[in-house]
Amino acid sequence: MPDLTVPPTPPTPPVLLSALLAREDLGLRQIAGPSDPDVAIHWAHTSEMPDPYPYLLGGELLLTAGVHITDAAGSGTYFDDYVARIVEAGGVALGFGVAPVHDTVPRALVAACDHYDLPLLEVPPPTPFSRVARAVWQLMAQARLAELRRVTEAQQSLAAAASRPDPVPSVLRQLAQRVSGLAVLYGPDGTEIAAAGRGASGVETREALAGLVRVVRPRAASASSPTSTPPTSPTSSTSPTSATDTVPGAHLAAYALGTGQGFVLGVAAPQRAPGDHTIASVAAVLLSLLTGEHQSRTGADRSSALVRLLLGAPPEDVASLLGGDRWLVVHAAPDAGADRAPDPVAASALGAALGSTLIDQAPEVVRVLLPADREPAPQPGWTLGVSAAVAPEDWSAADTQAARALARARATRTPLVGHGSAGRAGLDGLVPHDEAEAHARALLAPLAAHPALTETLRTWLSLHGSWDRTAVALAVHRNTVRQRIARSAALLEADLDDPDVRMELWFGLRHL
């Protein structure tokens, strides 16, 4: 749980008190408190309340003209109590406006600020508090612009590094340079795969960084270093995706790469500068891509399977590299209301939803090959046709089945249609497969030289003789469907209005 007693600070770059004092147009002068150049101001606030504590969030330069100070305030503990409450609320500096209420800054206030180490600024009469507040915001805007420019330049350099022949070392070198520290890529077993940079790279720092890395590595939180401070509850059952820690002379950060392979990016820098987290996060995303599945065993096996297929190996010889003995082929097309063909991002998202990365994107259809144990479900925005579960040697036949199922799904406006989902004929179990194929070839021989007629007849029969739905499924005009069916009937010398003829032709087409 976060410490709720620590006042929050805004997500904007702070302004150094020294930068505010350097503004000659303000004429500010520090008259008490430590001269620390690293004092940071997050905002300016004006209050004349004797107890400003309830109105402060932390990180403020509190401005006051002393209206709340009474004549008797100097004889008691008023100023000590006032400054103590400011410090307790997280205020980082106090600005006292000279005139019109007080001609000088009360000595007791100066003493109290020295006692509590609170910087006290004298605001001269010509300088209104609004000008001081505006200066704070101007400096903050300049710092924010500089931070954005630094982050943008870092993103560009990291992206360029990722495109080089040695992308991982190049990205680490750029990251180390940008944070003026050390960048390390850790493997799934916790060993250093590559490192770059020398800043904050002492032995103790490296050991602490390795301990922090164990915090974010999946299923390894229990082995974390006792000095680490992951940003999650200690009772969390999952590992955080990032964690930070500090050791003498270094700020540490660890980022679990989003590959699921256990790779972790570790960063050690002398200090945490604005934008460092964003820059490191960009590097983590790039390294996630570079160490992703193509670098994993699964990716290597897939590449090996592809090479073997291209070199002539039969599908059944390479299927073991992909996993699974039985497979489904899915054909997917955007719903009729989609205004464009699927892009690579949409195709990848579909594959992820179905549980496979074996995706082929064509202009109008996406084909997905997935193990048969991953039963497809309807996907929003898509129309799916699914083959029967087949062995690898029947992938080609399954591809045809999926295409026909998709055509039927589109024609019937059904989100998902599986091969044979409308019910299988009982004859399938009565007629031997070889005999059924022989009968189909003989029956449909007159159409063998006309694939378009065969496919039109198949679709027309599957849609119960509907001209319009067949035209939609085949993406042709309904008159074209009529002409093809008439031609098929003539070649077959068959009466297609006879239900017995239709049944026999459907049986043959199923086994062709």
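This is a predicted model: local features need pLDDT of at least 70, side-chain atom pairs count only at pLDDT 80 or more; totals for chains, interfaces and linings use all residues.
Colleague: How much of the accessible surface belongs to carbon and sulfur atoms?
Modeller: The accessible surface of the chain comes to about 26500 Å². Of that, the part belonging to carbon and sulfur atoms is 55%.

Colleague: Is V171 buried or exposed?
Modeller: V171 sits in helix α5, which covers residues 167–179. Leaving out residues up to four places away in sequence, V171 touches L158, A161, A162, A283, L287 and L290. With a relative accessible area of 0%, and buried meaning under 20%, V171 is buried.

Colleague: How far apart in space are V171 and L286, C-alpha to C-alpha?
Modeller: In sequence, V171 and L286 are 115 residues apart. In space, C-alpha to C-alpha, the distance is 8.0 Å.

Colleague: Which residues does S157 touch, not counting residues up to four places away in sequence?
Modeller: S157 belongs to helix α4, residues 129–162. Its relative accessible area is 13%, so S157 counts as buried. Not counting residues up to four places away in sequence, S157 touches Q174 and R178.

Colleague: Which residues are linked with R85 in a network of salt bridges?
Modeller: The structure holds eleven salt bridges. In the network that includes R85, the other linked residues are D51 and E88.

Colleague: What separates R144 and E147 along helix α4?
Modeller: The side chains of R144 and E147 meet in a salt bridge at 3.1 Å, N to O. R144 is partly exposed, with a relative accessible area of 34%, whereas E147 counts as buried at 13% relative accessibility. Because R144 and E147 are three residues apart in helix α4, what separates them is about one helical turn.

Colleague: R458 and E455 form a salt bridge too; is R458 buried or exposed?
Modeller: The closest N and O atoms of R458 and E455 are 3.5 Å apart. Both residues lie in helix α13 (residues 451–462), three residues apart, about one turn of the helix. E455 is partly exposed, with a relative accessible area of 27%. At 8% relative accessibility, R458 counts as buried.

Colleague: How many residues apart in sequence are the parts that D399 and R367 tie together?
Modeller: The side chains of D399 and R367 meet in a salt bridge at 3.0 Å, N to O. D399 lies in helix α11 (residues 395–412) and R367 in strand β15 (residues 366–371), so the pair ties together parts whose separation in sequence is 32 residues.

Colleague: Now the surface. Which residues form a negative patch?
Modeller: One member, E316, is in helix α9, residues 315–322. E316 is partly exposed, with a relative accessible area of 40%, and patches take residues with over 30%, so E316 clears that cut-off. The negative surface patch is formed by E316, D317, E393 and D394.

Colleague: What is the area of the nonpolar surface patch made by L306, V307, L310 and L311?
Modeller: L310 is found in helix α8, residues 297–310. L310 is exposed, with a relative accessible area of 68%. The patch that L310 makes with L306, V307 and L311 has an area of about 460 Å².

Note on methods
Residues are numbered from 1 along each chain as its sequence is written. Side-chain values use heavy atoms; hydrogens and water are left out. Patches are made of residues with over 30% relative accessible area and no salt bridge: like charges are joined within 9 Å, nonpolar side chains (Val, Leu, Ile, Met, Phe, Trp, Tyr) within 5 Å. Accessible areas come from the Shrake-Rupley method with a 1.4 Å probe; for residues, only the protein chains shown count as cover. A salt bridge is a side-chain nitrogen of Lys or Arg within 4 Å of a carboxyl oxygen of Asp or Glu. Lys and Arg count as positive and Asp and Glu as negative; His and the chain ends are not counted. The place of a charge is taken as NZ of Lys, CZ of Arg, CG of Asp or CD of Glu. Helices (H or I, at least four residues) and strands (E, at least two) are DSSP runs, numbered from the N terminus. Buried means under 20% relative accessible area, exposed over 50%, partly exposed in between (1.4 Å probe, protein chains only). Contact means heavy atoms within 4.5 Å.
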